[in-house]
Amino acid sequence: MVQSGTPTIRRATESDIEDIVRVIALAFESDDPIEDYVFPDPEVRARRTPGMLRVLVRHRYLPAEAAIVAEIDGVIVGALLWIPHGFRNTALREAISGPQLLWAMGPAATRRGIEVDAAIAGSAPAEPHNYMVYLGADPTVPRSGIGRALTRWLIAESEAHGRALCGICKDANVGYYQAMDFARLAGTRIGSKGPELNFMLRPAGVTAG
């Protein structure tokens, strides 16, 4: 059992994929509007989410150097995945990952996943930014500031490159991000019938409150 303690943050590597998948799948297993929309059936979600995450981490986030993990006692207990400003995946990786995602998710979930990607792209600000997509902490670990440590790391990384930091979240998480100097700017709907989420932005150069 992992003991409560101060998490250490580092960049993820290929060998971390299965731990990242485990942590994020657990964190998003329930009470997440996007996952509930992409995989409405809980049994299908539990079965298909790991395969989807495995493809995304391997072919989208690791090539972008946009994955970090949190460790306590040498065990990965949290992960953060984001889209760096200006990053474009190679045509080869898109060609490889597309069929793999379709196989992992199924046709209906793949269509809804495309709507999620479109909502992210449509809500992205014009200014240079990093866009947070997945932030998850192992729910079996006592409260240890895992999510906050991961977010603070990415805030520092974004500031070092003069970039804003943004993402979308459910209503219950708005206060969490406001405490780290994010502002809620608008609502963002997934597709035409999906959930409406909150777009949160932390501009570059904000003095920590």
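The following legends describe close-up views of a predicted model. Local features require pLDDT of at least 70 and side-chain atom pairs pLDDT 80 or more, whereas totals for chains, interfaces and linings use all residues. Residues are numbered from 1 along each chain as its sequence is written, and side-chain values use heavy atoms, without hydrogens or water.

**View 1. Aromatic pair of Tyr 131 and Phe 199.** The structure holds 5 aromatic pairs (Phe, Tyr or six-membered Trp rings with centres within 6.5 Å; planes under 30 degrees apart are stacked, over 60 edge-to-face, the rest tilted). The pair of Tyr 131 and Phe 199 is tilted, at 6.3 Å centre to centre and 45° between the planes. It links distant parts of the chain, with Tyr 131 in strand β4 (residues 129–137) and Phe 199 in strand β7 (residues 196–202), 68 residues apart; strands are DSSP runs of E, at least two residues, numbered from the N terminus. Tyr 131 is buried at 2% relative accessibility (buried: under 20% relative accessible area, 1.4 Å probe, protein chains only). Phe 199 is also buried, at 6%.

**View 2. Aromatic pair of Tyr 177 and Phe 182.** The ring centres lie 5.3 Å apart with the planes at 70°, so the pair is edge-to-face. Tyr 177 is buried, with a relative accessible area of 11%, and Phe 182 is buried, with 4%.

**View 3. Aromatic cluster.** Tyr 176, Tyr 177 and Phe 182 form one aromatic cluster.

Key:
Helix = DSSP H or I, 4+ residues; strand = E, 2+ residues; numbered from the N terminus. Buried < 20%, exposed > 50% of the residue type's maximum accessible area, 1.4 Å probe, protein only.
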